[in-house]
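Good morning, and thank you for the time on today's agenda.

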Amino acid sequence: MITTHNVNYTYENTIEGAALTGVTTDIAEGQVVLLCGESGSGKTTYIKAINGLLSHYYEGNMGGEIMVSGKDISKVHLYELARDVGSVFQNPKSQFYTLMTDTEIVFGCENMGFKHDDILKRFDKVVKAFKIEDLLGKNLYNLSGGEKQKVACASVGALMPKVFVLDEPSSNLDIKSIHELRDIIEIWKKNGKTILIAEHRLNWLKDVADRVICFEDGKIKFDTTAKEFFDYPVEKMHEFGLRAPEKFEPKYSRVQDDAESISISKMKLTKNKETILDVDNLEIPKGSVVAIVGNCGAGKSTFARCLCGLEKKAEGTVKVSGRKITPKERIKKSYMVMQDVNHQLFTSSVEEEVMLGVTDLSEEEKEQKLSKILEEMDISKYKEAHPMSLSGGQKQRVAIAGALACNKDVIFYDEPTSGLDYRHMKEVSESIKKLNDMGKTQFIITHDPELVQECCNYFIYMVDGKIELSGSWNKENIRFVQSFFKLD
Amino acid sequence: MDTILRNTKASSRQLYLDPRTKILLCITVSTVMLAMDNTGIFVYIIPVMTIVPLIFLAIIKSPMTAVYYGILYLVAFFVPKMIVAYLPQAVNLLFTGVLATMTRLIPGMSMFYFLIATTSVSEFIAAMERMHIPKVMTVPVSVMFRFFPTIVEEYHGITDAMRLRNVGSFRNPVDMLEYRLVPLMISLTAIGNDLSISALTRGLDAPNKRSNMCAIGFNVQDYIAIAVSVVILILAALSMAFGI
Amino acid sequence: MSSKETSNRLNGKDLMNVGIFTAVFLVIEIIVACVLGVFPMGFLLISVVEAIILGIPMMLYFIRVKKFGMILITVVINGVIMILTGMGPDALRYGFFIGLLCELIMYWGKYKSAFKAILAYAVFGLIAVTNYIHWLYASEEWLEGQRSNYGDAFVEGVSGAFSAGWVFPILCVVTVVAGLIGGFFGKTVLKKHFVKSGLI
């Protein structure tokens, strides 16, 4: 079905080497192949080779041959390939072209110029198969990430290609949505489709994938059956730079001292006459690293935004050791490392970025503080670089450095490790641990059990805007979180 | 199953009219407002034109907007007359005059509001495609509409980040612009790139004629509205030519 | 080996760029017009302020324009929206030719010259001025019509500035100068951020 023969590819204007070197694969029809590897290893580039983007969209040098369904990719237009290869990408919010679910699902068919009745038939078929009747007629902006990905899958599914390629489709999804996505892939598998999935989070594909190909530095490192792969021990997976959540064993437990506590009472937020946040009473020991877990729409981001003072309409009081802290003070003392790190980098050099907003120090003091912080965040050598030229992980560290420079005490993270491989996830957890040593209180909204395991010592579980469970790592809590992440 | 794709008739949500009719109404109202003065036959027509938006507001059941519109118009109509005698000439020049010209603009803008509020993007694009407007216009227009809410969303994300960093206040206007616009453009171009590959791998560039699933079509009420508009436009042309 | 479309026809990616930047253009245009239009002197400053603020996004747009027609589409869309909102056909009528002039300047610079791009942007700023044409030149007859509404005193009071023939040309010149400043500002910011970070 898909054959690549000695494919080489180098992106234009890149300082790195070749993205793919000598990649030769042969994938039979109906196989479900999991592509794994560290960031930059070439798995995404391989997907782009298969769906024609390398040949027709990106600028670069291509060598070798790629055949899909008997067609030579380089000789076929992208719009012709649309009927053979359906692509689902990583970011739910930038994949939809129209504003409503119904029109989005038929978008591809409309482009192809199919007849009205034909399109309706395809629409009915795909909506029924994926069970997304309840999503019809809705504005795409109001859907959760998981729901958007389902609509994206339906949209490419309506074109009925023989091959589906998915590029890290679960990065921004919660556990429930990942399982719904898996159901969709199983439907495709049952219909005999050939499926390629590039992923960091591997567990959810355990019983779905037939074959696993691992990339490293643009070459294929190994190519094995799924059964063999998922029997590898955790250490071996980590050696390959892959994520391998097994049981849930939090490593970082808090030294019990009588620290001060942050107490939150009656925090509420209503939007459009609906109460989207209702926290009656919560006490967090100061200086903890708190994991905020829950499904999409549970109110995690809302809670973080209210707590750090960003939501002007929020009610409720926050006290630290009995002293009330107003929202204005909370903004001054909090920082949020956002999911979309592009929103929070403003200047053209890392040093300027980190020192932004610091107004009460002399030039000398600034220099000193700057070097110290850059050193701690391990970005000293990027001092003069433009923040946007850095990798995702480095950008995150610049953002954190900025928070340190402003003497922020409470730091929030919104999904800091979505889409990161094992090594980078460890880097993030190292930064978090460092900040913890400095006495900062940290809140981490995350779907990543490995991150929680590495560095969190407290947790909050939210459902529908309320906090159902919270506490430190006792036996019951560990068991609860383990089942929540479906690791048992 | 139930989906808007199966709709064959315009509903109250669309003001019971085809998008092309609504566009014609927009053009008619704005032409009359702009080009005609209060002489001749138009002395009667102009007040009618200003009431038309109120009718539509009633159809879409939006009483608050109707009140808002009414108040705005009355203010623009009466206030200049009342205050013109009391203010110095310089202020009259620039302020009162502008207020009076509002009476010309408000009906047109409200018609546009209707067009936007009662027509979904897909219906609009369907209308454009029916009018044989080529892809070079329909694709940018649909992308444009799709990006309006995105721009608002991204902008809010950036201003939130700015609040947490305590930057961007009005003290330094250059910085203020830079800190807002640069991350916004970076964000939008990144989303734009992702959107491009998603749309292209679903056949956006196909050279064939595009189908459209949105049901639009003329009905009785459209023909009536079109007839009335055409009559008014003819009268306007005659009025300009022969001054009736 | 690769069959990339290097023709001069606008492909899907180009059209999407037009859509995105036209959206930004319109949003900023509307916000500036609404904010400034309230103040007495404000409405005359609209085109000048727009020319400066739009410098950053529009220069990014112009740098990406490598084919004929993109700027023209933006101008036409703007013109049509002006007609639909009741601001008159001038934005389309005169805007079309302004857009054509911008395209020619860009073509003259072979889509590579930054200076020509700034010049094209300065001319592009005149689009905002087209909205004034109607008020400044139709004012005579309109004012006569208003006599019956508002009485002589009002008409005498308002007729001053509107009919002064020198207002409009000065406005055009000031707008173009503001456009040059805005364009230059935009280019500097682009170099500082987009070029340095490798996004361009």
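Predicted model: local features only at pLDDT ≥ 70, side-chain atom pairs only at ≥ 80, totals over all residues.

On the side of chain C that touches chain A, helices α1 (12-37) and α8 (167-195) of chain C each supply at least two residues. In terms of residues, 12 from chain C are in contact with 20 from chain A. How many salt bridges does the rule find across the interface of chain C and chain A? The number is zero. Polar contacts are found there, however, in three residue pairs, both residues being at pLDDT 80 or more.

I turn now to chain A and chain B. Between them, these chains bury about 5400 Å², with 61% of that on carbon and sulfur atoms. Which three residues supply more of the area that chain A buries against chain B than any other three? They are Tyr97(A), Tyr141(A) and Phe346(A), and their share is 15%. The contact involves 68 residues of chain A and 54 residues of chain B.

Five salt bridges are counted between chain A and chain B. A salt bridge joins the side chains of Lys93(A) and Glu154(B), at 3.0 Å from N to O. Several elements of chain A give two or more residues to the side that touches chain B, among them the helices α6 (116-130) and α7 (145-157) and the strands β6 (85-88) and β16 (334-337).

Let me next describe chain B itself. What does the secondary structure of chain B come to? The tally is eight helices and zero strands. Of the 244 residues in chain B, 52% are buried. Among contacts in chain B with a separation of 6 or more, 72% are between residues 24 or more positions apart. The chain exposes about 10900 Å², and 71% of this is supplied by carbon and sulfur atoms.

One is a nonpolar patch on the surface, formed by Val230(B), Ile234(B), Leu238(B) and Phe242(B), which together have about 390 Å² of accessible area. Val230(B) sits in helix α8, residues 220-242 of chain B. Is Val230(B) buried or partly exposed? Val230(B) counts as partly exposed because its relative accessible area is 37%, between the limits of 20% and 50%. The other place is Met102(B), in helix α4, residues 89-118 of chain B. With a relative accessible area of 31%, Met102(B) is likewise partly exposed. Met102(B) and Val52(B) are 50 residues apart along the chain, and their C-alpha atoms are separated by 17 Å.

Val165(A) belongs to strand β7, residues 163-167, and is buried, with a relative accessible area of 1%. Leaving aside residues up to four places away in sequence, Val165(A) touches a set of residues including Ile47(A), Ile50(A), Val85(A), Val88(A) and Leu196(A).

My final topic is backbone geometry. Most residues other than glycine have a negative phi. Lys273(A), which is not a glycine, has a positive phi near 65°. Lys273(A) is placed in the loop between β11 (261-271) and β12 (274-285) of chain A, and is exposed, with a relative accessible area of 86%. Ser321(A) is not a glycine either, and has a positive phi of about 50°. Where in chain A does Ser321(A) lie? Ser321(A) lies in the loop between β14 (315-320) and β15 (323-325). Ser321(A) is partly exposed, with a relative accessible area of 42%.

That concludes the presentation, and I thank you for your attention.

Technical notes. Residues numbered from 1 in each chain as written. Chains lettered and ligands numbered in written order. Heavy atoms only, no water. Patch = residues over 30% accessible without salt bridge, like charges linked within 9 Å, V, L, I, M, F, W, Y side chains within 5 Å. Areas by Shrake-Rupley, 256 points an atom, 1.4 Å probe, with all protein chains shown as cover. Salt bridge = Lys/Arg side-chain N within 4 Å of Asp/Glu carboxyl O. Helix = DSSP H or I, 4+ residues; strand = E, 2+ residues; numbered from the N terminus. Buried < 20%, exposed > 50% of the residue type's maximum accessible area, 1.4 Å probe, protein only. Contact = heavy atoms within 4.5 Å. Buried area = accessible area lost by both parts, 1.4 Å probe. Polar contact = N/O pair within 3.5 Å; in protein donor to acceptor, adjacent residues only side chain to side chain.
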